[in-house]
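Hi,

Here is the structure I promised to pass on.

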Amino acid sequence: MVPEKIFDILKDFTNNDYKSILIDGVWGIGKTYQINRFLKEFVKEKKNIKELNVLYVSLFGKESIEDLHTELYFKSHPGKIKFKQIVKFALHSISIAASLTAINNENISLDFSLGIPEDKKTKDKIEKKNKTNIVILDDLERKSSQLKYDALLGYLNKLFLENIKVVIICSEREIIENESDSFKKFKEKVFDRYYSVSRANEDILKSTLVSKRLTT
């Protein structure tokens with residue numbers, strides 16, 4: 001599959017029944033470029049009519065679920081950055097669950113579920129979960145080894161329960177050897193479908209070889 005297909009895959013993902021997909025491709029092939037294209041073109045258009053909520057985070061250097069959740073929170077709450085260290089500290093002492101709700105055309109609210117008794121406001125939030133909510137996690141292979149796949153699996157399951165779809169982008173060949181078995185188990189449990197991106201000239205070469213076989 002050529003890199004340009006990533007745009008169409010992400011576009012289709014907003015409408016299909018998959019809860020999670022994996023897009024795998026070597027470094028430098030253009031995965032992040034196509035994601036940015038999707039965010040700037042398709043997502044921007046959909047936001048204008050409040051149909052689609054998307055958050056993008058790189059897993060590069062992430063050491064814990066708290067690191068990931070904190071960044072997602074502050075990407076959806078610009079202007080609260082000065083409280084980042086306070087919230088990050090607090091996240092270590094609470095159980096994390098997340099939900100996405102639109103608060104206006106520009107922002108997405110990533111709310112914590114802290115075991116507070118359900119009130120009318122909470123019910124209203126639940127009733128509004130009728131939009132497509134997506135979290136895109138890039139650079140899986142560049143996460144810290146301290147962030148374990150089991151922990152990531154648990155966090156993603158919480159997102160799924162909150163009606164949040166997940167896209168993970170990685171270069172599988174760069175995943176370190178001592179994590180390969182954990183990644184394979186993670187891959188089998190998490191993804192409804194996964195895609196392999198190759199360079200355009202490789203696809204052309206394969207197509208040419210197939211054509212030659214058919215004509216000989």
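Let me start with Asp-139, which sits in the loop between strand 5 (132-138) and helix 6. Helices (H or I, at least four residues) and strands (E, at least two) are DSSP runs here, numbered from the N terminus. Before going on, the ground rules: this is a predicted model, where local features need pLDDT of at least 70 and side-chain atom pairs count only at pLDDT 80 or more, while totals for chains, interfaces and linings use all residues. Residues are numbered from 1 along each chain as its sequence is written, and side-chain values use heavy atoms, with hydrogens and water left out.

Back to Asp-139: its phi is near 60°, a positive value in a residue other than glycine. Most residues other than glycine have a negative phi. Asp-139 is buried, at a relative accessible area of 15% (buried is under 20%, exposed over 50%, partly exposed in between, with a 1.4 Å probe and protein chains only).

Asn-163 also has a positive phi, near 65°. You'll find Asn-163 in the loop between helix 6 and strand 6, and with 40% relative accessibility it counts as partly exposed.

Now helix 6 itself. Buried in helix 6 are Tyr-149, Leu-152, Leu-153, Tyr-155, Leu-156, Leu-159 and Phe-160. Seen down the axis, these buried residues fall within an arc of 165°, so they line one face of the helix (the arc is that of the directions from the helix axis to the C-beta atoms). On the face turned away from that buried side are the exposed residues Asp-150 and Leu-161.

Helix 6 (149-161) turns up again in the second largest pocket, where helix 6 and helix 7 (180-190) each supply at least two residues of the lining. Helix 7 gives the most, with 4 residues. The pocket holds about 160 Å³ of space, and its lining has 3 nonpolar, 2 polar and 5 charged residues. Among the lining residues are Lys-148, Asp-150, Glu-179, Lys-185 and Lys-189.

The definitions, since you'll want them: on a 1 Å grid over the protein atoms alone, a pocket is an open set of points where a 1.4 Å probe fits, with protein on both sides within 12 Å along at least five of seven lines, and lining residues have an atom within 4 Å of a point. Points are joined across faces, edges and corners, and the volume is the space filled by probe spheres set on them. Ala, Val, Leu, Ile, Met, Phe, Trp, Tyr, Cys and Pro count as nonpolar, Asp, Glu, Lys and Arg as charged, and the others, Gly among them, as polar.

Last, strand 1 (residues 20-25): 6 of its 6 residues are buried, so the strand is largely enclosed by the rest of the structure. Ser-20, Leu-22 and Asp-24 point one way, and Ile-21, Ile-23 and Gly-25 the other. Strand 1 pairs in the parallel sense with strand 6 (residues 164-170) over 5 bridges, with Val-166 as the bridge partner of Ser-20. Another 5 bridges join strand 1 to strand 7 (residues 193-197), also parallel, and there Leu-22 has Tyr-194 as its bridge partner. Pairing needs at least two DSSP bridges between two strands.

Cheers
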